[in-house]
Amino acid sequence: MMPPPPRSSTTLYSQQQQEAQDDFVVEEEATEANMMTTTKTRAKTPLSEIVEAFEELAKSLNSRRIRNSDKGAGGELRLDAFSKTCSLVSVLFSCLGLAFRFAESEYVAKVHDLVEASKEYNTLHTILDLDVANGTVRTSGSHSRNLRRVRQGLDLIRALFEQFLSTNDYSLREAATTAYSQVCAPYHTWAVRTAVYAGMYTLPTRDQLLLNLNETEHSAEKNMRRYMNATLPVIEYIDKLYISRNIRLDW
């Protein structure tokens, strides 16, 4: 049997060129896959997950908006969806360290109560109406009181982010002190306020907070603003539930 005729230099060059092109395509696809994986990994931070959940909650309020109703900001908000979303926020308190440990423990306990209540009651206004009927709105341990405290927790984080983003020179301690003074201090005893203000000196630095949140300066600013925008309609909705029932908010 005669050996096959030798390939011409042109044919050999074309084959080598095609192989090199195929290798480049494979390498390029692998690079793109790695970039997509990295992007997805970066996108899934605790703060971004919280933001996405509250944006969905705010969207549900807008989609069920009822005019001229005591449900004000958007129809009846389901208690299970609300409590599940709020449970995600506890990680933000833990990222702030010992200074906000008091807020974390109280917040987690109150959210847990609402999670349990959601197994029996469908909406936020249902638990509020029940406590109004029983005269237990402000009673310690009531669902309405716990809802009020959870709302303050959401607003505390919102105010902290607002102060944090007001200037690059603003320390986390200054931002947290201002936020606490605005949102929670008016309703706390002197002993609690004193302990909280003393604990502010243990807060992490701005860079440490970003590291704890797994965020960059740019991504943190974006997600913090998203949180502020998404939680505000939820906070306003809860306030209107109380106000429409002639319940003051100074407690």
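1. **Ground rules.** The model is predicted, so to speak of a local feature a pLDDT of at least 70 is needed, side-chain atom pairs count only at pLDDT 80 or more, and totals for chains, interfaces and linings use all residues. Numbering starts from 1 along each chain as its sequence is written, and side-chain values use heavy atoms, with hydrogens and water left out.

2. **Overall fold.** The protein chain has 11 helices and 0 strands, and its pattern along the sequence reads α-α-α-α-α-α-α-α-α-α-α. Helices (H or I, at least four residues) and strands (E, at least two) are DSSP runs, numbered from the N terminus. Of the 251 residues, 42% are buried; buried is under 20% relative accessible area, exposed is over 50% and partly exposed is in between, with a 1.4 Å probe and protein chains only. Taking contacts (heavy atoms within 4.5 Å) between residues at least 6 apart in sequence, 72% join residues at least 24 apart.

3. **α5 against α7.** The axes of these two helices come within 9 Å and cross at roughly 130°. Axes here are lines fitted to C-alpha atoms, for helices over the stretch in contact, with angles from 0 to 180 degrees between N-to-C directions. α5 and α7 are therefore oblique to each other; under 35 degrees would count as roughly parallel, over 145 as roughly antiparallel, 65 to 115 as roughly perpendicular, and the rest is oblique. Their crossing is left-handed, a label used if the near helix is turned anticlockwise from the far one by less than a right angle, with right-handed for clockwise. Residues making the contact include Tyr107, Lys110 and Asp113 of α5 and Asn146, Arg149 and Val150 of α7.

4. **Two residues at that packing.** Asparagine 146 lies in helix α7 (residues 143-164) and counts as buried, at 5% relative accessibility. Leaving aside residues up to four places away in sequence, asparagine 146 touches Lys110, Asp113 and Gly141. Lysine 110 and serine 83 are 27 residues apart in sequence, while their C-alpha atoms are 9.5 Å apart in space.

5. **α7 against α8.** Helix α8 (residues 172-183) packs on α7 at an angle of about 140°, with the axes 8 Å apart. That makes α7 oblique to α8. Here the crossing is right-handed. Among the residues making the contact are Leu156, Ala159 and Leu160 of α7 and Ala175, Ala176 and Ala179 of α8.

6. **Aromatic pairs.** A search of the whole structure finds 5 aromatic pairs. Rings of Phe, Tyr and Trp (its six-membered ring) pair if their centres lie within 6.5 Å; planes under 30 degrees apart count as stacked, over 60 as edge-to-face and the rest as tilted. Phenylalanine 93 and tyrosine 107 have ring centres 5.2 Å apart and planes at 45°, so this pair is tilted. Phenylalanine 93 sits in helix α4 (residues 90-95) and tyrosine 107 in helix α5 (residues 101-117), so the pair ties together parts 14 residues apart in sequence. Phenylalanine 93 is buried at 1% relative accessibility, and tyrosine 107 is buried too, at 4%. The rings of tyrosine 242 and tryptophan 251 have centres 6.1 Å apart and planes at 70°, so that pair is edge-to-face. Tyrosine 242 is buried at 0% relative accessibility, and tryptophan 251 is buried at 8%. Phe54, Phe161 and Tyr227 form one aromatic cluster.

7. **Arginine 148 over two rings.** The charged end of arginine 148 sits over the ring of tyrosine 187, 5.8 Å from its centre. That charged end also sits over the ring of tryptophan 251, 6.0 Å from its centre. The criterion is NZ of Lys or CZ of Arg within 6 Å of the ring centre and within 35 degrees of the ring normal.

8. **Positive phi.** Most residues other than glycine have a negative phi. Asparagine 214 has a positive phi, near 60°, and is found in the loop between α10 (206-213) and α11 (217-243). Asparagine 246 also has a positive phi near 60°; asparagine 246 lies in the segment after α11 and counts as exposed at 74% relative accessibility.
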